[in-house]
Amino acid sequence: MQVYAEHLHAAWGMVQRGSPAAGVDGITTDLFAGVAQEQLGQMHRQLRQEIYGASPAKGFFVPKKSGGQRLIGLSTVRDRILQRYLLQAIYPRLEATFTDSAFAYRPGLSIYSAVDQVMIRYGEQPSWVIKGDIQQFFDNLSWGVLLGQLERLKIPLAKVRLIEQQLKTGMVLQGQFYRPNKGVLQGGILSGALANLYLSEFDRLCLKAQIPLVRYGDDFVVVFQSYLQANRSLVMMHDWLEDIYLTLNPQKTRIVAPDEGFTFLGHQFQAQQVIAPVRTWFHTKKEKKAARPVYGPPKACSIIRLPKIKTKKSTDEYWRDGMTTLYVTEQGAYLRVRHQQFQVFHEQQMRISVPANNITFVVLFGACTVSHGAVRLALQRRIPLLYLSNKGRYFGRLETTGQARIDYLVAQVAKSQDEAFIRQQAMNVIVGKLHNSRKLLMRLRQRRASDLATKAIREIAVLMKKVQAAETVESMLGYEGQGASLYFRAYGSLLKGPFSFDKRTRRPPTDPVNSLLSLGYTLLSQNVHAMTEAAGLHTHFGNLHVPQPNRPSLICDLVEEFRAMAVDSLVAYLINSNIYTPEDFTPPDGRGGVYLHPDGLKRFLKHWEEKLQSETVHPHTGYKVSLRRCFELQVWEYAACITGEREGGYRPMVWKK
């Protein structure tokens with residue numbers, strides 16, 4: 001990662017002029033100043049090597065004016081410097097996405113700017129006003145949505161990873177470590193800009209619908225000339241916020257009649273007039289502070305055009321292009337850790353060295369050895385270790401326990417016994433799966449005509465309607481089985497080359513196409529499994545797949561809609577593009593199983609990661625994000641359904657075209 005020492009010094013100068021308070025390490029800005037040169041040099045080296053590690057924030061409560069308490073987090077001085085550096089680096093791109101509706105956390109704008117904007121419409125004539133508030137806004141921002149927005153802005157991946165690290169570092173509150181699974185740190189340097197980014201699409205939707213929104217953080221006002229306009233707009237805004245996993249605060253959101261007043265940002269609005277709050281000034285004698293040096297540009301970093309770094313494209317270097325999974329495929333390989341980097345040795349030579357900050361989880365194929373230090377670092381960083389056979393069969397996973405949230409677990413148990421919810425969930429999952437299977441057949445048929453595919457496309461559409469009309473889950477499963485049989489026969493007729501495929505065989509896969517499908521489904525399941533646990537959901541409480549011992553039923557539910565979209569489409573591309581030949585596969589073993597040779601396995605992993613990084617429009621949020629990020633967003637879609645944050649049932653991700 002390219003980092004300029006001058007920018008770190010400029011960020012330190014801005015932090016130094018802010019709060020002097022210490023984080024969890026007890027280091028104030030005054031104490032840090034004594035070792036600033038050494039610490040900034042160390043940060044510079046760590047950032048360049050991508051081994052910087054964030055510290056938990058120090059949490060404390062402050063009283064709210066309306067009653068209750070607000071949780072505030074204070075990062076260490078080192079992390080505040082990094083946050084300021086990141087904000088200066090990414091803010092120009094963020095500012096370009098903001099609309100004129102947003103007034104908080106932006107240079108040159110203030111509460112008075114927002115009040116003036118409200119008065120432009122409110123002062124004209126008696127009006128109906130939506131006075132709104134987003135419930136627990138900062139605490140409920142979905143990391144998947146937020147990180148997807150950052151990726152869409154083409155912010156360098158290394159900076160996105162550092163921001164993700166700051167989001168997920170956790171908090172020490174009253175002596176206890178607390179690790180949330182969503183939200184941003186209230187009081188954090190990055191939080192205001194990220195909050196505005198999160199709502200930028202919501203702001204644009206309001207603008208497109210001609211809703212004159214004035215928003216300051218999570219508070220907003222909209223002025224209309226009729227009740228009908230206000231009511232209709234409030235319904236639309238409620239739905240748009242639900243799509244990004246936010247809800248309106250029912251106690252603070254209302255439609256204000258023309259003869260009523262309301263308060264916005266401390267100002268009282270009544271009868272086309274605004275009354276500013278009365279401020280009481282307390283004059284205290286302050287000691288004159290010693291002058292402090294000013295470092296670099298005070299408010300903004302220069303925009304530096306970084307040189308483009310060319311990366312190698314050999315199979316030994318395939319993981320480097322932004323991948324977050326470390327695959328260890330060489331038999332006899334040894335995984336160890338040194339200087340916060342995972343290192344893979346084979347035949348006493350180091351083959352690869354990856355900063356731990358860049359890794360989401362590790363996949364080990366066959367006879368690989370992992371050092372105690374590597375296991376410890378993986379558990380500390382919550383990086384799952386996935387164990388597969390050298391043929392790709394799943395053995396198990398090693399990961400930190402206790403990530404499931406109690407409130408989610410209670411809701412999952414309750415929903416697993418709710419017959420109406422189970423039926424609705426099963427119907428949505430099966431229809432989503434059949435829809436995507438049908439769409440893939442339609443896409444493949446454009447390149448190769450097939451009577452089987454034409455018949456399957458027609459009959460699967462009929463089965464989708466039967467699923468929606470079915471009264472029991474058992475009937476739905478019957479229709480799903482019929483659809484799968486039709487789909488795979490048609491799928492095989494659309495494949496070119498020397499490979500034949502007419503039905504799905506699993507354990508073992510008896511032909512090359514089944515071998516590729518099985519490997520892809522395994523990797524898909526483990527990606528969704530990791531994201532489900534990170535979200536705090538319990539993996540064993542599903543709805544279509546009922547809870548059973550030793551089966552992650554929820555994972556089985558969530559992967560269904562992605563089978564055709566992620567795996568089947570990739571396998572069809574690999575086969576029809578002649579990327580694989582029969583020589584890439586082993587002869588049938590004693591059980592009839594056919595598997596990839598090691599070189600073919602590496603090639604599949606390379607294309608699999610490229611598939612996960614390919615971008616698509618997520619249908620519910622409207623954001624163009626990577627396919628991997630879509631997995632995460634669908635996990636949050638399910639979490640919102642079981643908690644009641646989103647009404648109407650789970651919405652699977654489906655292909656639109």
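**Sheets, a crossing helix and a domain interface**

Three strands, in the order β9-β10-β11, form an open sheet with antiparallel pairing. Strands here are DSSP runs of E with at least two residues, helices are runs of H or I with at least four, and both are numbered from the N terminus. Two strands count as paired if DSSP finds at least two bridges between them. The model is predicted: local features need pLDDT of at least 70, side-chain atom pairs count only at pLDDT 80 or more, and totals for chains, interfaces and linings use all residues. Residues are numbered from 1 along each chain as its sequence is written, and side-chain values use heavy atoms, with hydrogens and water left out.

The edges of this sheet are β9 (262-264) and β11 (273-275). Each has a single partner strand, so one side of each is left without a neighbour in the sheet. Neighbouring strands are turned by 30° against each other on average, direction ignored. Axes are lines fitted to C-alpha atoms, for helices over the stretch in contact, and angles run from 0 to 180 degrees between N-to-C directions. Strand β10 (residues 267-270) is joined to β11 by three bridges, and the two run antiparallel. Within this pair, Q270 stands opposite Q273 of β11. The loop between β9 and β10 holds L265. Phi of L265 is near 55°, a positive value in a residue other than glycine.

Helix α5 lies across β9, β10 and β11 and runs at about 0° to β10. Contact means heavy atoms within 4.5 Å. Helix α5 spans residues 111-122 and includes S113. Leaving aside neighbours within four places in sequence, S113 is in contact with F103 and G108. S113 and V274 are 161 residues apart along the chain, and 13 Å separate their C-alpha atoms.

A second open sheet has four strands. Their order is β2-β1-β4-β5, and the pairing is mixed. Strands β2 (69-74) and β5 (176-178) are at the edges, each pairing on one side only. From one strand to the next, the twist averages 40°. Strands β1 (residues 57-63) and β4 (residues 171-173) run parallel and are joined by three bridges. In this pairing, A57 stands opposite M171 of β4. Strands of a sheet pair through backbone hydrogen bonds, either parallel or antiparallel.

The chain is assigned three domains: domain 1 (5-275), domain 2 (324-398) and domain 3 (406-643). These bounds come from an automatic or database domain assignment. The centres of domain 1 and domain 2, taken over C-alpha atoms, are 37 Å apart. Seven residues from domain 1 and nine residues from domain 2 take part in the contact. Together the two domains bury about 700 Å², 38% of it on carbon and sulfur atoms. Buried area is the accessible area (1.4 Å probe) that two parts lose on being put together, summed over both. In domain 1, E50, I51 and R161 lose the most area to domain 2, together 62% of what that side buries.

N578 is not a glycine, yet its phi is about 60°. N578 is found in the loop between α18 (563-576) and α19 (598-613).
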